[in-house]
Amino acid sequence: ESNWRPMPPGTVGISVREFFGDWTTARRSRLRIDCLDGRVAPRPDANARRIASAFDLSADWIVEGAINFWAHQSEKIAEAHPNAFVPSLSRSETKLPVVTHGWWDLDDDEALIIELDNPQAQFWAFQLATSLWSTLEFANRQTSLNMTQAHRDDDGRYRLVLSHVDPGVRNWLDTTGLRRGIPILRQYRAEPRQIPATRRVKIDQGETVLAGPRRC
């Protein structure tokens, strides 16, 4: 039925992405893979030539797929949209969450104010990544915020502060000291889908410039 997906020849794995709003109560799925026909796939010979070829393929993928490709994407965004989000939404014609991303380039005393109307979404979240699109440390640093974690201002808008130092506001996104990087926004079934507005400011311009209420 609708929950079936074909497995093309050569398939070796499946990727699953889950979205958690309330991290304190959410529980991950319990997934397993069953072999339905009972057959066992033959194991390839572990000879030296095959192992050497596999190492070469892995190295090529790391250099081209995990470094050069993402570095090129970052270069394009940094040149065209510094301290802003790309003015378009990706995957808007699919059932997947729509995505928009941007680029920050901030001095130590600067912050990027990110503003967003309430998306009215089943799920939305900001996430920070390196220039190679690797997720920043999220277990002990506040490098992401979603619809259950972020504070909404009285006018109905969300305002987040992306900066190197903690400005004392609730909606702080921690760069972990990286001067440059990628902010990513995912929206699932949002109405309306939107692209955040941004403003680069000096942190010492005062509390009124920064977003949201101060933390107690």
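Author: Gladly; what follows starts from the strand order and then turns to charged pairs, nonpolar cores and aromatic rings.

Please keep in mind that this is a predicted model. The sheet is open and has 4 strands in the order β7-β6-β3-β9, with mixed pairing. Its edge strands are β7 (172-174) and β9, each of which pairs on one side only. On average, and ignoring direction, neighbouring strands here are turned by 25 degrees against each other. Between β3 and β9 the pairing is antiparallel and runs over 6 bridges. As for individual positions, leucine 112 stands opposite arginine 200 in β9.

Now to the charges. Side chains of opposite charge can pair when their charged atoms come close. The structure holds 14 salt bridges. One of them joins arginine 157 to glutamate 115, with the closest N and O atoms 3.3 Å apart. Because arginine 157 lies in strand β6 (residues 157-163) and glutamate 115 in strand β3, this pair ties together parts that are 42 residues apart in sequence. Glutamate 115 also forms a salt bridge with arginine 159, and there the closest N and O atoms are 3.2 Å apart. Through shared partners, salt bridges join Glu115, Asp117, Asp153, Asp155, Arg157, Arg159 and Arg199 into one network.

Strand β9 has a charged pair to show as well. Lysine 202 forms a salt bridge with aspartate 109, the closest N and O atoms being 3.3 Å apart. Lysine 202 belongs to strand β9 (residues 197-202), while aspartate 109 sits in the loop between β2 (98-105) and β3 (110-117), so this bridge ties together parts 93 residues apart in sequence. Lysine 202 counts as partly exposed, at 32% relative accessibility, and aspartate 109 is also partly exposed, at 36%.

Next come the nonpolar side chains. The largest nonpolar core has 19 residues, and those with the most contacts inside it are Trp104, Ile114, Trp124, Phe126, Leu160, Leu162 and Leu173. Two or more residues of this core come from each of β3, β4 (123-129) and β6. Leaving aside residues up to four places away in sequence, leucine 173 touches, among others, Ile114, Phe126, Leu160 and Leu162. A second, separate core of 8 residues includes Val86, Trp103, Ala129 and Ile184.

Phenylalanine 126 leads us on to the rings. A search of the whole structure finds 6 aromatic pairs. Phenylalanine 69 and tryptophan 70 have ring centres 4.9 Å apart and planes at 80 degrees, so they form an edge-to-face pair. Phenylalanine 85 and phenylalanine 126 are likewise edge-to-face, at 6.2 Å centre to centre with 70 degrees between the planes. This pair links distant parts of the chain, since phenylalanine 85 is in strand β1 (residues 84-85) and phenylalanine 126 in strand β4, 41 residues apart. Phenylalanine 85 is buried, with a relative accessible area of 6%, and phenylalanine 126 counts as buried at 1%. Ring pairs link Phe85, Trp124, Phe126 and Tyr158 into a cluster.

How values were computed
Residues are numbered from 1 along each chain as its sequence is written. Side-chain values use heavy atoms; hydrogens and water are left out. A salt bridge is a side-chain nitrogen of Lys or Arg within 4 Å of a carboxyl oxygen of Asp or Glu. Buried means under 20% relative accessible area, exposed over 50%, partly exposed in between (1.4 Å probe, protein chains only). A nonpolar core is a set of buried Ala, Val, Leu, Ile, Met, Phe, Trp, Tyr and Cys residues joined through side-chain atoms within 4.5 Å. Contact means heavy atoms within 4.5 Å. Two strands pair if DSSP finds at least two bridges between them. Axes are lines fitted to C-alpha atoms, for helices over the stretch in contact, and angles run from 0 to 180 degrees between N-to-C directions. Rings of Phe, Tyr and Trp (its six-membered ring) pair if their centres lie within 6.5 Å; planes under 30 degrees apart count as stacked, over 60 as edge-to-face and the rest as tilted.
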